Amino acid sequence: MSKTKTKYLELKLLVLALFLLQNLSCSGQEEAQYRIPVDPTPIIMSDWEVEDQMLYIEGQLCQHLRVIFQDSQGDLWFGTNVYDLMHYNGDSLRYLTERDGFSSGRMTGFAEDEDGALWIATSSGLNKYADGEFTVYTEENGLQNAEIWSMLRDQNGNLWIGHNEGLSRFDGTNFENITIPKPQVDEIEAIYSEHRITDIVTDRDGNLWLGTDGYGISKYDGQGFTHFTIADGLSGNNICDLMMDSQGNLWVGTFWNGLSKFDGKAFTNYTKDGLVSGVEVGAFYEDTSGDIWFGVENHGVYKFDGANFSHYDQEDGLDANILSIYRDREDRFWFGGWGGLFRFDDGRFESVTKEGPWGTK
């Protein structure tokens, strides 16, 4: 059995064990109406009333938070793995579910257009939220594959969508599916699909940089593709996350081979050089000081100031595997992942519950 399938099986068994443990410990609470799913993966939060949410992590808003976004009105949006869409308007927290018309599923991206409509990428389609209503786009609307892993809105208003079958462009009306040629690699071990686009970022010239599942990085200039793989100095060909920083450097998080940076000429492999621990890297974020933040599975969070790495983990209040990092306009610093949502203030992480902390300090 491959290590990918083994990891998936272990995760399902863990989720089932935690679910049964929580049910046994809450057996006396007759008021809560919980349904036990036939398959505990995924567990859809919309199956339960919000007031009766059953979480494996006591007090948390959800146990698996993937993406964070602040819209032009200042509202915060939190995309979860399978616990629906969370919206905080500065006064109250609301869960938007299938009952509201949302497609639900794993959320992997947010974007806002010039009309204020919110676009949400999920594992079950592309959602548009405008005037309090959802519109969902799937294969029936021309999207090549509805299981979306990445999304970017470019300067022309186009949505670039990375999914299990590759790359699509959406102009608001029509989808254009783009074929990506494969570079030559010595060994293919796709985690999910060898056509999957795991992340999309853009550089100063408008070129797209695409993370792939086994074929390294592809650069698309609108006409053709340039590929970067292990043969070019990249640490690994299974890409987890990408970020283009303010200096034009491309930060690369891989699934099995740690952290790399590409300056346009050569790759620096920080994990291979022993400066960063752990192999699965993602959740890149550049703060106003130019410091680069990122999470490493089972190894907390790192900050790179251009010269040195600082490390944060359980000793600093962080008990989670971080998948998203976001600093909003009110200077609130949010961290989300497997373990829920956290605020970071004065060098410490604090778990966020329904009661907060929400406001600035």
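Modeller: Let us begin with charges and rings: a charge sits over a ring if NZ of Lys or CZ of Arg is within 6 Å of the ring centre and within 35 degrees of the ring normal. This is a predicted model, in which local features need pLDDT of at least 70 and side-chain atom pairs count only at pLDDT 80 or more, whereas totals for chains, interfaces and linings use all residues. Residues are numbered from 1 along each chain as its sequence is written, and side-chain values use heavy atoms, with hydrogens and water left out.

Biologist: Which residue lies over the face of Trp149, and at what distance from the ring centre?

Modeller: That residue is Arg196, which lies 4.4 Å from the centre of the Trp149 ring. In a second case, the charged end of Lys182 sits over the ring of Tyr215, at 5.4 Å from its centre.

Biologist: How many aromatic pairs does the structure hold?

Modeller: In general, a pair of aromatic rings is described by the distance of the centres and the angle of the planes. Rings of Phe, Tyr and Trp (its six-membered ring) pair if their centres lie within 6.5 Å; planes under 30 degrees apart count as stacked, over 60 as edge-to-face and the rest as tilted. The structure holds 43 such pairs. In one of them, the rings of Tyr137 and Phe175 have centres 6.2 Å apart and planes at 65°, so this pair is edge-to-face. Tyr137 lies in strand E8 (residues 133-137) and Phe175 in strand E12 (residues 175-178), so the pair ties together parts that are 38 residues apart in sequence; strands (E, at least two residues) and helices (H or I, at least four) are DSSP runs, numbered from the N terminus.

Biologist: Are Tyr137 and Phe175 buried or exposed?

Modeller: Both Tyr137 and Phe175 are buried, where buried means under 20% relative accessible area, exposed over 50%, and partly exposed in between (1.4 Å probe, protein chains only). The rings of Phe333 and Phe335 have centres 4.8 Å apart and planes at 55°, so that pair is tilted. Phe333 is buried with a relative accessible area of 1%, and Phe335 is buried with 0%. One aromatic cluster is formed by Trp251, Tyr270, Phe284, Phe294, Tyr302, Phe304 and Phe309.

Biologist: How many bridges join strand E11 to E12?

Modeller: Two strands pair if DSSP finds at least two bridges between them. Four bridges join strand E11 (residues 166-170) to E12, and the two run antiparallel. Ser168 has Asn177 in E12 as its bridge partner. E11 and E12 form a hairpin with four residues between them, and Gly172 in the turn has a positive phi of about 100°.

Biologist: Which residues have the most contacts inside the largest nonpolar core?

Modeller: A nonpolar core is a set of buried Ala, Val, Leu, Ile, Met, Phe, Trp, Tyr and Cys residues joined through side-chain atoms within 4.5 Å. The largest one has 16 residues, and Phe78 and Leu341 have the most contacts inside it. Strand E1 (65-70), strand E2 (76-80) and strand E3 (85-88) each supply at least two residues of this core. Not counting residues up to four places away in sequence, Phe78 touches, among others, Leu65, Phe110, Leu341 and Trp358, where contact means heavy atoms within 4.5 Å.

Biologist: Which residues have a positive phi although they are not glycine?

Modeller: Among them is Asp131, with a phi of about 55°, in the loop between strand E7 (125-130) and E8. Asp131 is exposed, with a relative accessible area of 82%. Ala283 has a positive phi of about 65° and is found in strand E21, where it counts as buried at 8% relative accessibility.

Biologist: What joins Gly356 and Pro357?

Modeller: A cis peptide bond joins them, with omega of about 15°, and Pro357 lies in the segment after strand E28 (348-351).
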